[in-house]
Every structure is written in C-alpha cells, then in structure tokens.
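Subject: Structure handover, with notes on charged pairs

Hello,

Here is the structure I promised to pass on. My notes on its charged side chains follow below.

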Amino acid sequence: MAVHGLAQALATVSLSVTLSCVTLRALGGPPYSSCFISRSFHLSSVIMSDSNGADENSHNKAGTSPYPGSKVELSQVPNEKVGWLVEWQEYNPVEYTAVSVLAGPMWAYPRISEKNFSPKFNEKDGHVELKSQNGLYEIENGQPRNPAGRIGLVGRGLLGHWGPNHAADPIITRWKRDSSGNKVFHPHSGKNILQFVAIKRKDCGEWAIPGGMVDPGEKISATLKREFGEEAMNSLQKSTAEKQEMEEQLHKLFSQEHLVVYKGYVDDPRNTDNMWIETEAVNYHDETASCRLLIQREQRKKIQTSKARQCFSLTQPG
C-alpha cells in the first residue's frame, strides 16, 4: 500500500484484540505475550523547544519514583523547573547507578572520572553512536545533559551509555481479515481496520512494541529485525531449521518499503539527567500476513505442549 495512506491509517485504527496471546520468553529477559492488536491510538512525540528547555509533559514516565528495579526515590522536580534554562541553584538530584551497570558489562560505559575514558559526545564514539536525533546536547562538568530537562536523578541508572542510548522499534501492521481472507471494515467509519503486533510484558503488565537497544556498530534495520524475531517470534527458543524458515519470512518483510514513524527522545523511566533513550520507530506492513502464520504456529505449539504436560501429570503415580 502507499506510504501516505498507511501513515493516515496508523492514526485511526479501531479497538479489538484479534488473536489469543502466546506466552514467549526472551533469553535473559522477562516473559512476553505476543499477538496482533487493532486499536485506536494517536502517534505522538516529545515536543522539545531546544537543548536547554523541555515541554512540561516531557517527563510523564521519566522522573517517577522509585527508580526502576530499586528503592531509590528521585528528587522531586516541579514542572516549571524541568527546563535547564530555569535557574535552580538549590537543585540537588539523587545519584544512582544500578549494580548491573557497576559490574562493568561490555555494553556499559565506565564512570566519567575513569582514567583514559573520554567519550566523544555529539558524534560517533568508535562503534557507539552518541549523536542525538534531536540535535546537539550540552555537556556540563564533563557530563551530557538530558535535552528534555531535569529528571531528579544523576548517574547511569540502568543505562549503558552517557548521553543518548539508541533503540529501535518495529511496528508490524496488517489489515484485519475475515476467515475468507477479505478485509474487515469498521462498522462506523467504513474504513479498513489496521492491526499491529504488540507484546505484553509479564513484569509490569503493559503492552509494548517489540523493540530493543541498538548494538554497537549495528544498523537500525538489523536491530529492528533482530528484536522483532526475539520478542515477538520467540527466535531464541527455536531449532536451526525453524530459525532458517523464520529468517526467510522476516527477511521478506523487513526488505520491503517501510515508513519511519518517529525518531527522537523517549520518555522512559530509566532516563537520568545524564543518560536517556532515543528510538527510531519504523512501520513495516505485512500485506501477505506471513507473520500471522508464524505467530499462529507458535500458538498451536504452545497449546499442544500444554495438553501434553496435562496428560503427563495425570498419568504419573500419586
């Protein structure tokens, strides 16, 4: 379909869950449920006046207490003092870095004060992209400053890179169809119903787009396909033959025409005054419903496994 038409359709789709959810688990991460959803939503982004200011609604999730995975309470930042242009000499934010980051994993930068550590902010630092999609950000006392304003917490938190931490979010869509393969029309608007793939996180119960962080040196297109395969298609748990089949299907889907829906800052609870998440959300339209067949197969396998386990438990001696 035309990109312009799809962009319009993304803004007006109706509400209904159309497939039973299949429980998935990403290696080393929380379990997910994945299914096609069609619902009414509006695409929005953080409005940022410049690198020193912030819209009053830019921290709906960032800045909430306690900080994720901890009992750390953030310093309270009134809406009128979020922007860096507002003078606030009494500002004394909490400092916090998660134990997982302090352990020094490969994906995490060291302390700013670390010897021989001098990251190249606002440019590419080796294989790590430290350019912001929202333009130049300021450096104060050797540390980058969150372009959306004060959070109430300094340090690394749960994030790996000082400055922007880049993510990618694939939005996979299809038209809702009946059992005969005909497109289903909305009863009131008369328009086709557009559906998209979402995952339901087991740790917080929220629905999300199946995305993730961009690895150093990785192209956004590769991240989009990898994250969708891991989180929505359970690729980490598949056999070699199943992975090959899935890879062929995903290659067809992610090689076609696509639409960049949003690029920029993300209001994320993991953000700090010095580190923040930015994403590139890209829409791929599955006109042939290839992903639907793959997800339905996962659903059938889960049901068969569940029945087998029930049968096994009933035949065991008491």
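How do the side chains of Glu138 and Arg145 meet? They form a salt bridge, with N to O at 2.7 Å. The term here stands for a side-chain nitrogen of Lys or Arg within 4 Å of a carboxyl oxygen of Asp or Glu.

Before the rest, a word on the source: this is a predicted model, where local features need pLDDT of at least 70, side-chain atom pairs count only at pLDDT 80 or more, and totals for chains, interfaces and linings use all residues. Residues are numbered from 1 along each chain as its sequence is written, and side-chain values use heavy atoms, leaving out hydrogens and water.

Back to Arg145: Glu140 also pairs with this residue, the closest N and O atoms being 3.3 Å apart. Arg145 counts as buried, at 11% relative accessibility, while Glu138 is partly exposed at 31% and Glu140 is partly exposed at 42%. For those labels, buried means under 20% relative accessible area, exposed over 50%, and partly exposed in between (1.4 Å probe, protein chains only).

The structure holds four salt bridges. One of them joins the side chains of Glu206 and Lys61, at 3.5 Å from N to O. This pair links distant parts of the chain, 145 residues apart. Glu206 is partly exposed at 41% relative accessibility, and Lys61 is partly exposed at 41%.

Methods:
Helices (H or I, at least four residues) and strands (E, at least two) are DSSP runs, numbered from the N terminus.
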